[in-house]
Every structure is written in C-alpha cells, then in structure tokens.
Amino acid sequence: MPCRANILITELFDTELIGEGALPSYEHAHRHLVQENCEAVPHRATVYAQLVESRTMWSWNKLFPIRVQTRLGEQVIVPPLELERCPGAPSVYDIQLSQVSPTDFTALSNVLPMFSVDFSKQVSSSAACHSRQFEPLASGQAQVVLSWWDIEMDPEGKIKCTMAPFWAHSDPQELQWRDHWMQCVYFLPQEEPITQGSAVCLVAHHDDYCVWYSLQRTSPEKKGRVHPVRPVCDCQAHLLWNRPRFGEINDQDRTDQYVQALRTVLKPDSVCLCVSDGSPLCMLAHHLGAEQVFTMESSAASHRLMKKIFKANHLEDKINVIEKRPELLTSADLEGKKVSLLLGEPFFTTSLLPWHNLYFWYVRTAVDQHLGPGAVVMPQAASLYAVVVEFRDLWRVRSPCGNCEGFDVHIMDDMIKRALDFRESKEAEPHPLWEYPCRSLSEAQQILTFDFQQPVPPQPLCAEGSIKLSRPGRSHGVVLWMEYHLTPASTVSTGLLNPAEDKEDCCWNPHCKQAVYFLSTTLDPRAPLGSPHTVSYVVEFHPRTGEVTMDFTLSDALDDGH
C-alpha cells in the first residue's frame, strides 16, 4: 500500500463475534495498515448476555441421574463425581435461540450489555474480563448464559444490525433470519444458587478468539483477581458426547421407552451384548435382570468413560467392557458364552446422517457367529422415512441471491449452482430441524426397511415410488430420518415425533439431526409456485459402503406410484 488507509471495511465476525480472529486482525490493521483517526465499517459491536435457569439447556451439559423402575423398586444410575465437577466443553453452543420456547427457561437477569469493541480505535487481542453487577429478577439456580451481539455500522448508531432473539428484539416483527450469525449458549462451570435482591456479578472473559462466563459475588476489579483460565473438559464425557447427545441421554421419557421394550425381551438367563458408543443401555439391561451383560466400546475414550460410570454405580464387576472392534470379537471375550440378546440404541459418535447409525447392522453381521440359537436383536429393524416440507427460512441457504442491495450477483449464483450440481444437489445434508421451522406438505412415508434379525444382504436395497402432496405450499425439500423398531409394539423416531397437522409446524426430535434433500426447482423465490402433485423418488442402500443414494423430483402429473 502506498499509504495508510483512512477507512477500514471488514466482515470478520462469527456467532461469538471474535471467533474468526476479529481482535488480532483489527489489532494488526490499526498498527500497520490504517491511519490513526480512520473510520471503520462496521463502527462498533456490543455483546449482550442474560443469565437464566433452564433444566432443558442444563441437560445439554451435565449428566442427570437416570431412573429405572425394576421389580425390586427404583434403581438410580448416578453420574461420577468427576462428571458433576467438570465445567464442560470449552466451545460455545451456537443455536437458533428464537426456537427455544420462553417456557423452557427462567430469566434471572435482564439483558446486560457486557462489553463493546470500537473498531475505529486501536483494538487489543489481549485477554480481558468485563463485569456487570445486577440484582437477580428471581431466586433460582444460575446455570446458563444466553448471549448475542449487535453492530452499529455508522458512528451515530443509526444503522444497526442485531442478533437478538425475538424476546429481546426491539421489534420482533422485523426479526431478520440468519444462519451464519446466530446466538450463543454458554454453560457456567457449576450451577450456583442466587437470591432475588442479593446483587451478584456476571463476568464475561475473553482471550483473542473465545468468550466464556463466570458468576461472582463481588466485582473482579475490586478483588484484583487475575483472569481465570478458560474452563475445559477434564472428565472426557464432553469429548465423547456432544450437547444433543447429553440431552438424549437425559431424556427420561426416551429411557422409559427403552426400559419398557427391554422388559419384553429380557429373560433371567439372558446374556446381553450392548453395541453403542458410551450408552447407558447396558446398565438398564443389568438392572432389569439380565444374567450377564457385555458392552463393546471400540474407542479408548468411551471405554474409560464407561468404566468411571460403572464404578460410581458399583457395577464394575457386574458389566464386562470389551474394548475391541466387533470383527475382532472372540468367544473368549464373551467367556465362552453365546449372546442371547444383542442391544443397541443405536448411537455412534461418527454418525452425521440418520442412516449412518446403520453401522449397528454391520456389527450385528460381524458378531453373527457369537449369537446363540433364537437370539433376539433389539432394535429388531429400522425404517427410513421421508416427508415433503415447506421451510419457513432454511430454504434461503440454497436460494440464489439475484439482486442484492442493487448489486447483480448472478455470477456468484451460477458458480454456486455449478458447484452444487457437480455432486451436492443430489445429496442430503444434516440439519437439527427443531431449530428450523417447517410445514409438511405430505404424509410421512416409509421408504426402506432394514431387518436387523438378518445379516446385511450382499445386494443393494432399492425403493422407487412417489410421495403424494396433500397440502398446498412450496415444496422446498424432502426430510429423511430413521425410525428404530425396538419391538413390534415400540418404535423410536429420530425425526418426526407427531403426525403432521395441516397448518402446524412439524415437531422434530430435538436430540438428532435429520437429513434434508433440497428440491432446487422451488428454492428461487422468483419462480412461479405452480401445483405439482407428487414427488417421485429413487432411493438405494449400498451394503458395500453403507451409503444411501437418492434422487427426488417434483412431478406435475399424478401417477399410480406408491
């Protein structure tokens, strides 16, 4: 540059504001690239926080006691002390906070402005803390900090862009949907009781890339405290289980469903082999009366974690942990016994799309020689389901921009379309749809079924047919999910939880991601709505790779497909 610039224009932000290196980047720019009195666009950012009590959100971070009703009374599976004391994963949990119902949390503070960054002045990337004293709105357990930011584009603050969720927005009707900048959920290292009328300090700490929060009785400035180290997981559970998985394990209704199913298949002489990553299923089987329980943990991390949980519940000599890949299992590992009940949720930490947990079927095939005559497999089968939906907003992530603020960006649109058409336009992608409201335009339809009572077949499973559109709307995409048939009378859905109503948003399993196949012809808002009657499909499961390939196409003509 021949001279220093007098205006600095950037977009260096993420949901956490500073997570993409905004602070060191601005620091460098002010030292080396811009004049002292330059103007920055955007001009200023402010980070806000609200302290809340929320059993729902706290269940994403801590392991709750699991209650099991047995013939001997209630048994309680407790977390190890190490898990209870662990501050949790250090990373922020970024979500669409407006989709969390206000009934799921109790506000313990007003929305507090925690700190601001003036981008037109010298910025420091050094660690810092910012304290805000407040009087609690109510007495309760301080557990979670909800946070977001806004930016003022100009020095006068006339042009403002806010990430506030709807309950904190100045005009909820003008709420702008975004999927790159969302809102933050931070978990306090430990829950702390606070009392209405007794002032406390919420402290925002940050280094050059991360933000975290703590609660203190007095201001850190008054006590002269050094900045506490960023909390990190030291129990390993938060490394093995992500936040939705914690929520899933803590879902007592889901646990009760597995308990009811287990009661129908367990016998006093059952020899159980459990196959899922870090699953409490083996402990349920033991408490419900299985003679012997083995659990297979293929990773060292899950092996260590389960050992800790067993020890905390005095089960270390009751459940045998096998740290092996299923194809390497030997009769000696099972103490010479044959398995009479093979169990799985199924859940595997490497799964991204719903059908990736079909790895359970491959495990069942690998251990086939170790199954005794008449052995029961639970779940006994799984089905792949699909429904056609109209999204409220998620369609925008695939929609062409066209004209943006007077700029024609069709060149970028065409480039993205060519890239998608190369492969991704024929693939489904995972999304947690509880965060992305949509309305069903068809009934849920079973596409494929996988029989776990039998080994994986050598030949592909193929389904071809059509889904009838029974409601008017714009068919943005097809949502796919798995349903696991634990027994003939019990099914666990990883997708749609209730039958879809005409005008109501779909209700999705909040612990799982569903697969979304976007129908590209309806994603351009300028395209005519039209009135297609069906969505035709070809879906194929490839046993050699475990992948599911698919093609969904809107059709104007009714046909007699099923």
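Mentor: Let's start with arginine 364, which counts as buried at 5% relative accessibility; buried means under 20% relative accessible area, exposed over 50% and partly exposed in between, with a 1.4 Å probe and protein chains only. Its side chain meets that of aspartate 368 in a salt bridge, at 2.6 Å from N to O. Aspartate 368 is partly exposed, with a relative accessible area of 33%.

Before we go on, note that this is a predicted model: local features need pLDDT of at least 70 and side-chain atom pairs count only at pLDDT 80 or more, while totals for chains, interfaces and linings use all residues. Residues are numbered from 1 along each chain as its sequence is written, and side-chain values use heavy atoms, without hydrogens and water.

A salt bridge here is a side-chain nitrogen of Lys or Arg within 4 Å of a carboxyl oxygen of Asp or Glu. By this rule the count comes to 21 salt bridges.

Now look at glutamate 345 and arginine 245, whose side chains form a salt bridge at 2.7 Å, N to O. Glutamate 345 sits in the loop between strand S18 (339–343) and helix H10 (359–366), whereas arginine 245 belongs to helix H6, so the pair ties together parts that are 100 residues apart in sequence. (Helices, H or I with at least four residues, and strands, E with at least two, are DSSP runs numbered from the N terminus.) Both glutamate 345 and arginine 245 are buried.

Next, compare a pair inside one helix. Arginine 31 and glutamate 27 meet through their side chains in a salt bridge of 3.5 Å, N to O. They are four residues apart in helix H1, which means about one helical turn separates them.

Glutamate 27 is one of the buried residues of H1 (residues 22–32), listed with Ala22, Leu23, Tyr26, Ala29 and His30. These residues lie on the same side of H1, because they cover an arc of only 165° around the axis, taken from the directions from the helix axis to the C-beta atoms. Strand S1 (5–9), strand S2 (34–41), strand S8 (112–118) and strand S13 (200–206) are among what covers them.

Let's turn to the spaces. On a 1 Å grid over the protein atoms alone, a cavity is a set of points where a 1.4 Å probe fits but cannot get out; a pocket is an open set with protein on both sides within 12 Å along at least five of seven lines, and lining residues have an atom within 4 Å of a point. Volume is the space filled by probe spheres set on the points, which are joined across faces, edges and corners.

The second largest pocket has a volume of about 850 Å³. Its lining holds 39 residues, and Asn242, Pro244, His511, Cys512 and Lys513 are the closest to its centre. Helix H5 (237–240), helix H6 (243–249) and helix H7 (252–265) are among the elements that give two or more residues to this lining, which also include strand S6 (93–95), strand S23 (429–431), strand S27 (477–487) and strand S28 (490–493). By class, this pocket is lined by 22 nonpolar, ten polar and seven charged residues; Ala, Val, Leu, Ile, Met, Phe, Trp, Tyr, Cys and Pro count as nonpolar, Asp, Glu, Lys and Arg as charged, and the others, Gly among them, as polar.

Across the whole structure, a search finds five cavities of 30 Å³ or more. The largest cavity has a volume of about 130 Å³. It is lined by 13 residues, with Ala89, Pro90, Phe187, Trp212 and Pro231 closest to its centre. Strand S12 (183–194) and strand S14 (211–216) each give two or more residues to this lining, and S14 has the largest share, three residues. The lining of the largest cavity has nine nonpolar, two polar and two charged residues.

In the second largest cavity lies about 100 Å³ of space. Of its 13 lining residues, Arg254, Thr255, Tyr258, Pro280 and Leu284 lie nearest the centre. H6, H7 and helix H8 (281–287) are the elements that give two or more residues to this lining. By class, the lining of the second largest cavity has six nonpolar, two polar and five charged residues.

Methods: Contact means heavy atoms within 4.5 Å.
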